[in-house]
Amino acid sequence: MAVYTHVDPDDLAALVARYAIGTVVSCKGIAEGVENSNFLLETTDGRFILTLYEKRVQAGDLPFFVDLLGHLADHGCPVPAMIRDRDGEAIQRISGRAACIIQFLPGISPSHPMPSQCEAVGAALGAMHRAAASFPGGRENSMGHRHWRAIAEATGDLDAVISGLQDLVDAELAFLDAHWPGDLPAHVIHADLFPDNVLMLGDRVTGLIDFYFAASDFRAYDLAVTHASWTFSDDGRHCDPARAQALMRGYAREIALTDAEVAALPLLARGAALRFLLTRAHDWVHTPADALVTRKDPAPLLARLRRYQAHDAAALFAV
Ligand SMILES: Nc1ncnc2c1ncn2[C@@H]1O[C@H](COP(=O)(O)OP(=O)(O)O)[C@@H](O)[C@H]1O
Ligand SMILES: N[C@@H](CCOP(=O)(O)O)C(=O)O
């Protein structure tokens with residue numbers, strides 16, 4: 001359960017009173033997620049998500065996320081609105097944290113996606129990229145390639161997380177620094193489109209959520225993150241060709257990748273696997289003991305990284 005911060009009932013009632021959304025019926029911590037404190041808020045008017053922003057989300061970035069979600073919704077993407085209070089404010093404070101009340105979207109995150117669901121999420125990602133390309137805002141990717149070495153250093157002894165990890169990470173960082181592309185098509189991307197950040201009903205995508213890592217970066221890197229998180233076995237050792245082809249097919253319906261992007265995908269996927277390996281390793285070591293959160297295992301991301309390092313990795317991205 002990701003609840004880092006307690007919400008006092010009187011403070012919550014006062015917060016909700018700022019909005020035209022009825023009065024509080026209940027407010028329960030949500031089991032999923034690792035970054036922020038999330039609550040399912042029920043009022044006399046319906047269901048909402050209350051998010052208190054923790055660790056990696058800077059309060060100063062929240063106006064960017066509010067504007068981005070508004071832009072994507074205006075372009076037909078299934079993203080949740082940040083609800084505005086009677087004064088038009090979406091960003092609040094409660095329990096010493098920046099906070100938002102967010103539209104509740106229906107759907108379930110697929111734990112073991114079917115190929116048809118991978119195809120649907122590929123198309124939803126492509127459509128989201130088409131919309132994001134016209135978004136005028138931008139944001140440095142604080143979880144992007146240039147920052148991975150700092151995350152590794154902040155973790156401490158990587159060998160204490162997985163034996164032999166330090167040497168592997170040092171070598172991979174050097175390789176990626178030497179080969180990372182300079183000029184692929186870029187705009188604001190989601191950058192964390194794991195299955196738990198997509199809501200679906202059957203094969204229909206009903207929600208793309210959790211945009212708090214959204215930042216300016218290569219669109220093909222976003223596809224690589226999605227490939228790494230949707231097409232592998234739970235242990236990260238096996239990429240399912242049916243799921244991978246379906247994801248790529250769905251994306252290709254919306255976006256025609258350039259030859260340079262196609263050539264870069266295996267490298268970008270190595271970067272994607274390393275990024276989430278590093279943040280999981282960091283959180284493995286540094287998550288507060290009293291937080292109600294289930295830490296995510298870094299090992300399956302290491303297995304994916306090894307798969308993407310293999311000489312035949314380009315085949316994993318065939319349409
Ligand atoms: N707009 C929403 N509609 C419905 N459920 C949501 C919404 N936002 C978040 N959730 C639920 O809360 C969980 C955690 O949200 P998420 O934003 O992924 O948290 P974190 O940023 O901490 O990882 C999601 O897996 C989902 O179950
Ligand atoms: N998706 C990342 C962790 C970030 O958590 P999220 O719940 O905000 O996606 C991972 O799986 O390591």
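This note goes through the structure point by point, from the whole chain to single residues.

1. The model is a predicted one, in which local features need pLDDT of at least 70 and side-chain atom pairs count only at pLDDT 80 or more, while totals for chains, interfaces and linings use all residues. Residues are numbered from 1 along each chain as its sequence is written, and chains are lettered from A and ligands numbered from 1 in the order in which they are written.

2. Overall form. The protein chain contains 9 helices and 9 strands, where helices (H or I, at least four residues) and strands (E, at least two) are DSSP runs numbered from the N terminus. Its C-alpha atoms fill a box of roughly 60 × 45 × 35 Å along the principal axes.

3. Of the 319 residues in the protein chain, 42% are buried, a residue being buried if 20 or more other C-beta atoms lie within 10 Å of its own, exposed if 12 or fewer, and partly exposed in between, with C-beta atoms placed from the backbone. Among the contacts in the protein chain with a separation of 6 or more, 74% are between residues 24 or more positions apart; two residues are in contact if their C-beta atoms, placed from the backbone, lie within 7 Å.

4. Two domains. The domain assignment gives domain 1 (9-103) and domain 2 (115-317), with bounds that come from an automatic or database assignment. The C-alpha centres of domain 1 and domain 2 are 26 Å apart, and the contact takes 18 residues from domain 1 and 21 residues from domain 2. On the side of domain 1 that touches domain 2, helix α2 (residues 62-74) gives the largest share, 7 residues. That side of domain 1 divides into 11 nonpolar, 3 polar and 4 charged residues, where Ala, Val, Leu, Ile, Met, Phe, Trp, Tyr, Cys and Pro count as nonpolar, Asp, Glu, Lys and Arg as charged, and the others, Gly among them, as polar.

5. Ligand 1. There are 21 residues around ligand 1, and the closest are Glu-32, Gly-33, Glu-35, Pro-80 and Asp-210; a residue is near a molecule if its C-beta atom, placed from the backbone, lies within 6 Å of it. The shell around ligand 1 has 10 nonpolar, 7 polar and 4 charged residues, and at least three residues come from each of domain 1 and domain 2.

6. Ligand 2. The residues that surround ligand 2 include Gly-33, Glu-35, Asp-192, Asp-210, Arg-280 and Lys-296. By class, the shell around ligand 2 has 3 nonpolar, 3 polar and 6 charged residues. Because domain 1 and domain 2 both give residues to this shell, ligand 2 lies between them.

7. Asp-210. This residue is among the closest to ligand 1 and is also part of the surroundings of ligand 2. Asp-210 lies in the loop between β8 (204-208) and β9, and has a positive phi of about 60° although it is not a glycine. Asp-210 counts as buried because it has 22 C-beta neighbours inside 10 Å.

8. Helix α6. This helix (residues 219-230) has 12 residues and reaches 17 Å from its first C-alpha to its last, close to the 16 Å expected at 1.5 Å a residue, the expected span being 1.5 Å times one less than the number of residues. Since 12 of the 12 residues of α6 are buried, the helix is largely enclosed by the rest of the structure. The buried residues of α6 pack against several elements, including α3 (115-132), β9 (215-218) and α8 (259-286).

9. Helix α9. The buried residues in α9 include Pro-300, Leu-301, Leu-302 and Tyr-308, and the buried residues of α9 pack against α5 (165-179), α6 and α8.

10. Ser-95 and Asp-8. Ser-95, in the loop between β4 (92-94) and β5 (97-103), has a phi near 50°, a positive value in a residue other than glycine. Asp-8, placed in the segment before α1 (9-16), is exposed, with 10 other C-beta atoms within 10 Å.
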